[in-house]
Every structure is written in structure tokens, then in C-alpha cells.
Amino acid sequence: MSAAIKSESDGSSVRMSYLEALFQAQVEELERDERVIVMGEDVAIYGGGKLVQRFDANRIWSMPISETSFTGVGVGAAISGLRPIVDLTIASFMYLASDPIINQAAKLRYMTGGQARVPIVFRCCMYYGAALAAQHSDRPYPMFMNVPGLKILCPSTPAEMKGLLKSAVRDDDPVMIFEDTKLWPIKGEVPVDTEYLVPIGKGDIKRAGDDVTIVAIGGAMRLAMDVADTLAKEGISIEVIDPRTLKPLDSEMIIESVEKTGRLVLVENAHRVANVSAEIAAVICEEAFDSLKRPIQRVCAPDVHVPFSPALEGELFPTKEKTAAAVRKLL
Amino acid sequence: MLLNSNKKQEAYRRMLRIRRFEEEGTLLYKAGKIPGAFHASIGQEAAIVGACLALRDNDMMTGTHRSHGHPIGKGADLNALMAELMGKATGICKGRGGSMHLADNSVGIVGESAIVGGGIPLATGCGLSAKVRRTDQIALCFFGDGAVNQGTFHESLNMASLWKLPVIYLCENNGYALTTSVERSHGQPSIAKRADAYGMPGVTVDGQDVSAVYAATSIAAERARDGDGPTLIEARTYRFDEHQVGLFTPGTPYRAVEEIELNKTSRDPLVLFRSRLLSEGFDEPELGAIETEVAEAVQNAIRFAESSAYPDPEELYEYLFSQPILSPASSSAKNS
């Protein structure tokens, strides 16, 4: 279970949005360690505007539209003594940055036999369900999961955004953070402690239950919690797990839960082919097949591009109804 | 800036170390003792060494798939380089890098990228890092004529110029990207002229003349250290061997046999520099001593490499992470 976050009355936490927590984590790390820099497009205006007011131009770098190379510049800065946070903004731009992320950041330590250290964070935000069409609506984390040497995070609460981003900045390896824009305005209690860290590689049981395990990723977490609430009224006890770190995945937590419930529903907004759900399903089949009472269910985006028209896009992503139906199928 | 007497000796030593290392390496490769691919720098030694000698020990460098010359040019020990070529545990990259990636951080080489153009943003980032950390380090970026047509070249030179980063972009223009000539792939065949587009000086030098490369790089280094920004240097050089040792190229030869022979007989950087040294007052015994010393160093490196053990397959996962996270997922992945 997540560590209980104390109420704001005792001053140990404050209520803030996921987006504010993202900003807060960066401010704290920039203040703590002068090697931390932020690099990204339009950082002087969007999101990072307050960072520009607070830190000098040597710390906050507004980049030209050169995603491939400014990401590589970040990698070069990381291997020569800095700890950059590279903000790639919209997740689809990760494809442009994928060469320096995959061929350089992920591989350099290994290929140099441990001579290089690559402490760098790659941030991006995932828009979907926003009528932006296919080139601005990607959720590309599954592609990067196939790359050794990367740590991949997908926080779903404001507190975890702060704690995971801070852990990422302090980590000596390349870490990717995929933010879910649907979570940006969502508020929650966030510890004020500047040493509040959420460990990379540890999942969180958001709700304990006995009948069915739901593993949900990023923005799908909220609908999973709603489904658990709704079905609880019918006497169905659902355990909801948030892996938080997609790689390395906390498979032990999921296996233990499936051993208890015998039923697994996987919910995520990425396309279904070779996504995180597919990986979790494979791990469960390898490690906990005998515990399964029913086949694993996946609720994901289908293998088709995200269309522009809301009339088409509205049908694409997991919903409470689809998730509840998947749960009922197992009972 | 001219090479002083000590640096001339060192230039000859390093060029010769590259040449002998590559010659012996080629034989070992053909004998099956070096696995994978072997891209020799023979013919390009002056471009490499002239540039490296203009750097300080703590300056940073990135290189290319033709990676053997860069660490040797920057002063690296040969033993760990040869051991790496043979895939040994004592290799500079512990057997994880091989011929295309001989990066030796101890002499400032942060990476040798076998993705053409991949090192250009990295060197630019080293320059940005030096600026942020307020050191007077500079970064030297080696790349070939083929890399000039990658987007990373344009994007990186733009950023370096914009922020006046302390970077030297040194193009080893050997005339051919694998088999494709500059004439057949560059709209603007003068690589140095491209500097104009980014608002930085562009210089063309004879890449077979170690003194000329040194002089041009020294000026660029001073400019970079003074905060005046980057320079693009095009060193016109020539690759004596095939793109890759033993590579079969079908069809009509992409470069004439006469062209190769002419370069080998009249444009060999070591022959040119040796006769220059003799004409400037160095004597045969002095040069002979360097030649003997280099031959011994290369033989020592071969002995070291051959007598070294191969890496233990149990250590396959070593060096993947600086901070491994020992989750059940990663351990089950290891077991599979």
C-alpha cells in the first residue's frame, strides 16, 4: 500500500495538481544540485516559465526545434558531468529523439564497459482523447520497453509524480517519464519534504481486494479505481495495482496478487500489440499460470491510429464500461 | 601555431602507433583473431593526430565507427585497445564495444559512435556541459564526410553557433562514405563552406599534413576556449584500405586503382612527415628509435591481448546500469 500521506493540516503535505507536482519536483532538484539542467522547446513560456524566472540561463535551456540533436546534446552533457532533464513535450516527438535515446543514452554505459555514466531524464506528455489526430496522440512507452538500459516511469498521482521524477533525476542511468495529460489537472496531497522519493521499480497496490486483480497504467488508473468502487457495491472485491515503473516492472507484486485472486484484467491506453499489458500477461503465464482461474483480459486501444473526429476517437480508449465488462467476464 | 620539437616527435610517434596498430590489426583480423568488422584508419593518421595534439589532456572527444585512430591519437595505451578488438575481458570496453567503439574515457574520449553522425550532438553536449560547469574544457568532434549529410550535423552546428559552445567539428573527409563519393552525395562539395550557413568559421586543411591540421585545430581550440564559439575544419584526407577490411565491393570499382596508388605513393602522411622531420634536422637514429619503440608497443599489446581471458558469460549483465534495480522482473529476465 502507498505510504499514507498525512493531511495538509499538519503541514507535511500540500494539495496540488499533477502538473504542479511536476514543476515542484524540478524546482527542488534544480535547487538541490547545480548539475541539474532543464532543456526543451518553449520552456521559457510553457510549463517551465516559472523555472526561467527562478534559475539563470545556464540552467534552463530553450532549445530550437531539433529534437534529435538536442536530445543528443543532453546525452553529451550527461556523460560529461551534468544531470539534464530533457523535455520533449508531446510524446510523438520521442520518435525523433529515439536515436540518441536508444543508440546513445541506453547503450553508452554498456558499450564502454562501464566507463560512461548517463544520468539523464527524458520527459514527455501523452495527449489522447483530445481531437489532436494521430501525430499528437501517441503513447509510445511500449516501444522503449524493448530497449535494454532504460528505466521507464508512468506516474499516476501528483505525489508519485513528484517522488518518481525526483528519483529519476537522482538516478545515474537514463530514465524516461511518460506523463499523462489527462492527469495534469488532477489534485492530490503531495509531501512537502524535499527528500520525498518514490523508489523506481516498485509498484503500488492502490486498493486491496480478493476477487479480481486490475493492473492499470497512467491515466487508466482513475477509471480502474472507479470500476473497483462501482463493483464493490455488487460485492465484487477488486485489487488495483499501479506498477508506476514500467521497466523494470515490479512483477512480484502482480504475481502475488494474481496468486490471491486468480483473475487478471490489464487496462492501458497504449495500442494492444506488444504493449505493457502484453508483457505482464506473458510474465503471468510464465510465472503464475497455475494460479489463473480464467483467461487474462486486456482492455487497451485497438491496433488503429488515433482518429481526429471525436465521433471516432471516443470509441477508442478503455472506458469504465469496457473495464467493468472485462471484470464481469471473469466471474 | 606550429608544432614544437617535442610535439613533432610525439606527432610522429602517435601517427606511427596508429599505422602499426592498424597494420597488425588487419593481419590479426584476416587470421580470425579479431571478430566482427575492422575499419582501419590507415592514410588518415595526420588528420587525427594533428587535431588531438592541439587538445589538452582533460578536453573531451567523440569519434566514429573508424574508431581505432582516435584513442591512439589522443594518447591511449595500446594494450586495452588491442584486447578490446579481440573481445577480451581486459579490453577498454570489457568486450562490450569492439572495433567500432574503442572509447577510452581516460584520455577524454566520451564515445565512438557507429551510428554515422551520432557523435556530433554528443560532442556538442560536452561543449554545453563545459559552459555550464564553467570549465575551460573544449570538445573535439571527429566525423566523416558522410556524416555531414545527417540532420544531426546541421542541428548541432546551429546550436553550437547559437550559444558559442567550445566545440571543434573536425571532418575527416576521405572522399567516400563507404562507396559513395562526396561528388555523388553533396550538393555543396566544399564541406568547410557549410560553416557559413551556421555563422561559424569554416577551414579547409590538407589532412595529410599533420602540421597543418595541428595549426588549424590550435586556432579553433583557442577560439573555443576564449568563448568565441565553434569552428568547422575540413581535413582532406584519404582512406588507403577498403571501407572495412576484406569488404567485397561488386561491380565497377567506385574509386580508380590509380587514385588509390597515387595517394599511397605521394600522399602518405607518415612518409611526408618523416621526410619533413629529416629535412628539419631530426636524424635517422632518433626516428629509428621511435619506430622501434612503437613496433615493440604494438607487439606488447598483441601479447597482452592474446594472453588475456575472454569475459565470463556470467557477467553478461555487467555495465548495463550504473544503478541496477534488482526487481523480480529483471532477475526473471536474466534467467530466461
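In chain A, strand E6 (residues 151–153) and strand E7 (residues 175–180) run parallel and are joined by three bridges. Within this pair, A:Ile152 stands opposite A:Met176 of E7(A). The structure is a predicted model, in which local features need pLDDT of at least 70 and side-chain atom pairs count only at pLDDT 80 or more, whereas totals for chains, interfaces and linings use all residues. Residues are numbered from 1 along each chain as its sequence is written, and chains are lettered from A and ligands numbered from 1 in the order in which they are written. Secondary-structure elements are DSSP runs numbered from the N terminus, with helices (H or I) of at least four residues and strands (E) of at least two. Two strands are taken to pair if DSSP finds at least two bridges between them.

The E6–E7 pair belongs to an open sheet of seven strands in chain A, with the order E3-E2-E4-E5-E7-E6-E12 and mixed pairing. Strand E3 (60–62) and strand E12 (245–247) of chain A are the edge strands, each pairing on one side only. From one strand to the next, the twist averages 20°; axes are lines fitted to C-alpha atoms, for helices over the stretch in contact, and angles run from 0 to 180 degrees between N-to-C directions. Strands of a sheet pair through backbone hydrogen bonds, either parallel or antiparallel.

Strand E2 (residues 36–40) of chain A is mostly covered, five of its five residues being buried. A residue counts as buried if 20 or more other C-beta atoms lie within 10 Å of its own, as exposed if 12 or fewer do, and as partly exposed in between, with C-beta atoms placed from the backbone. In a regular strand the side chains alternate between the two faces of the sheet. Both faces of E2(A) are covered, with A:Val36, A:Val38 and A:Gly40 buried on one side and A:Ile37 and A:Met39 buried on the other. Five bridges link E2(A) to strand E4 (residues 83–90) of chain A in parallel orientation, and A:Met39 stands opposite A:Val86 of E4(A). E2(A) also runs parallel to E3(A), to which three bridges join it; here A:Ser62 in E3(A) is the bridge partner of A:Gly40.

Several backbone features of chain A concern loops. The peptide bond from A:Lys247 to A:Pro248 is cis, with omega near -5°, and A:Pro248 is found in the loop between E12 and H8 of chain A. A:Ala133, although not a glycine, has a positive phi of about 65°. This residue is placed in the loop between strand E5 (121–126) and helix H5 (141–145) of chain A, and A:Ala133 counts as partly exposed because it has 13 C-beta neighbours inside 10 Å. A positive phi, of about 55°, is also found at A:Ala274, again not a glycine. A:Ala274 lies in the loop between strand E13 (264–271) and helix H9 (276–287) of chain A; with 14 C-beta neighbours inside 10 Å, A:Ala274 therefore counts as partly exposed.

Chain B contains twelve helices and eight strands. Its C-alpha atoms fill a box of roughly 60 × 50 × 45 Å along the principal axes. The radius of gyration of chain B is 20 Å, which agrees with the value near 20 Å for a compact globule of 336 residues; the radius is taken over C-alpha atoms, and the globule rule is 2.2 Å times the number of residues to the power 0.38. Buried residues account for 52% of the 336 residues in chain B. Helix H2 (residues 45–52) of chain B is mostly covered, with eight of its eight residues buried, among them B:Glu45, B:Ile48, B:Val49 and B:Cys52. Two residues are in contact if their C-beta atoms, placed from the backbone, lie within 7 Å. Of the contacts in chain B between residues at least 6 apart in sequence, 77% join residues at least 24 apart.

Between the chains, 44 residues of chain A are in contact with 41 residues of chain B. On the side of chain A that touches chain B, helix H3 (67–79), helix H4 (94–111) and helix H8 (251–261) are the elements that give two or more residues. H3(A) gives the most, with ten residues. The residues on this side of chain A divide into 17 nonpolar, 18 polar and nine charged, where Ala, Val, Leu, Ile, Met, Phe, Trp, Tyr, Cys and Pro count as nonpolar, Asp, Glu, Lys and Arg as charged, and the others, Gly among them, as polar.

The model scores ipTM 0.95 and pTM 0.95. The pLDDT, the predictor's confidence in each residue from 0 to 100, averages 94 in chain B, where 97% of the residues score at least 70. Over residues 328–336 of chain B the pLDDT is below 50, and this stretch has twelve contacts in the model beyond near neighbours in sequence.
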